[in-house]
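Morning, everyone. I have one structure to go through, and I will keep to what can be computed from it. Please have a look at it first.

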Amino acid sequence: INLTTLDFNQIVTLLLVLSVAASLSGFIAGLLGVGGGIIMVPALYYAFGKLGYEEDLIMHMAIGTSLAIIIPTSIVSALSHMKYKAVDFNLVKTFGVSVVIGILIGTIVATNSKTPQLLLMFSFFAFCVGVFFIFFRDKAGSKKKKVPNVFKNLYGIFMGFMSVPLGIGAGSLGVPFLKTIGYSINVAIGTSATIGIVNAVCGAISMALSGIIFFNVSAPFSVGFINIAGFLVFVPITMIFAPIGAKITHSINKNLLSKIFGLFLMVISIRAFIEYLKF
């Protein structure tokens, strides 16, 4: 990477793109309980590409950095939801250990995958979440269903496993699941944000360590697969916007919002697929 090849305008543009993406992902993290990673990963991928990082590393760096950024965002989002008594701590305990197991498996898969494979996974996932938000979010379960703990643990492993190759928090997978088994949308969001703390801490540590130990990553301003510069731009902005989103969640009709967000994810999915086709 050679930062001197970037002129002042390009650096300003990059910072603006990252700042807008950070505002959006923080706000959406609080509002919809989706961790923000689903917006951060494409933004970071774009930024690292512009900064001239090796193609083989870009997606891994975007994923690792996204997971690191989700740590403070999830904490702020979870604390905001706790004020509204919208966190079910029994569920957090049930999912905790299984999520960690899933993350360890997910790290092995992510670090041994190439950028095109990760892009394709991300594109497919963003598309599925978009479909959920447009068509199914408000139709999901209305009555609480008795779900055996074994099934919850298996889903926890799945959540942890998927979060690392995709660079997302627990929300994108946690909210649909909890809504389907009959939890109110507010509790689903608040609980997912809290599970997301465990998810992001373990995921970020595993991506940092695997980048250092197994891949000897020596990209500037980075610790393993986590880029400190991206982290420093995103964190303060997402921390400001996450509580705003969480506050609004408890006072607006989310039906239209779900559909707009779903369409937005469709666009992100198509963009990621176009990137995949370029390889």
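This is a predicted model: local features need pLDDT of at least 70, side-chain atom pairs count only at pLDDT 80 or more; totals for chains, interfaces and linings use all residues.

Residues are numbered from 1 along each chain as its sequence is written, and side-chain values use heavy atoms, with hydrogens and water left out.

The protein chain has 10 helices and two strands; these are DSSP runs, H or I of at least four residues for helices and E of at least two for strands, numbered from the N terminus. In sequence order the pattern is α-α-α-α-α-α-α-α-β-β-α-α. Its radius of gyration is 18 Å, close to the 19 Å that the globule rule gives for 279 residues, so the chain is as compact as a globular protein of that length. That radius is taken over C-alpha atoms, and the rule is 2.2 Å times the number of residues to the power 0.38. Of the 279 residues, 55% count as buried, meaning under 20% relative accessible area, with exposed over 50% and partly exposed in between (1.4 Å probe, protein chains only).

Now the helix pair. The axes of H1 (residues 8–32) and H3 (residues 55–83) come within 9 Å and cross at roughly 35°. Axes here are lines fitted to C-alpha atoms, for helices over the stretch in contact, and angles run from 0 to 180 degrees between N-to-C directions. Gly26, Ala29 and Gly30 of H1 meet Thr73, Ser77 and His81 of H3, with contact meaning heavy atoms within 4.5 Å.

Beyond its neighbours within four places in sequence, Thr65 is in contact with residues including Leu44, Phe48 and Phe225.

Last, the loops. Lys85 lies between H3 and H4 (89–111), and has a positive phi of about 55° although it is not a glycine. Lys85 counts as exposed, at 75% relative accessibility. Asn216, in the loop between H8 (185–213) and strand S1 (222–223), also has a positive phi, near 50°, and is a residue other than glycine. Asn216 counts as exposed at 64% relative accessibility.
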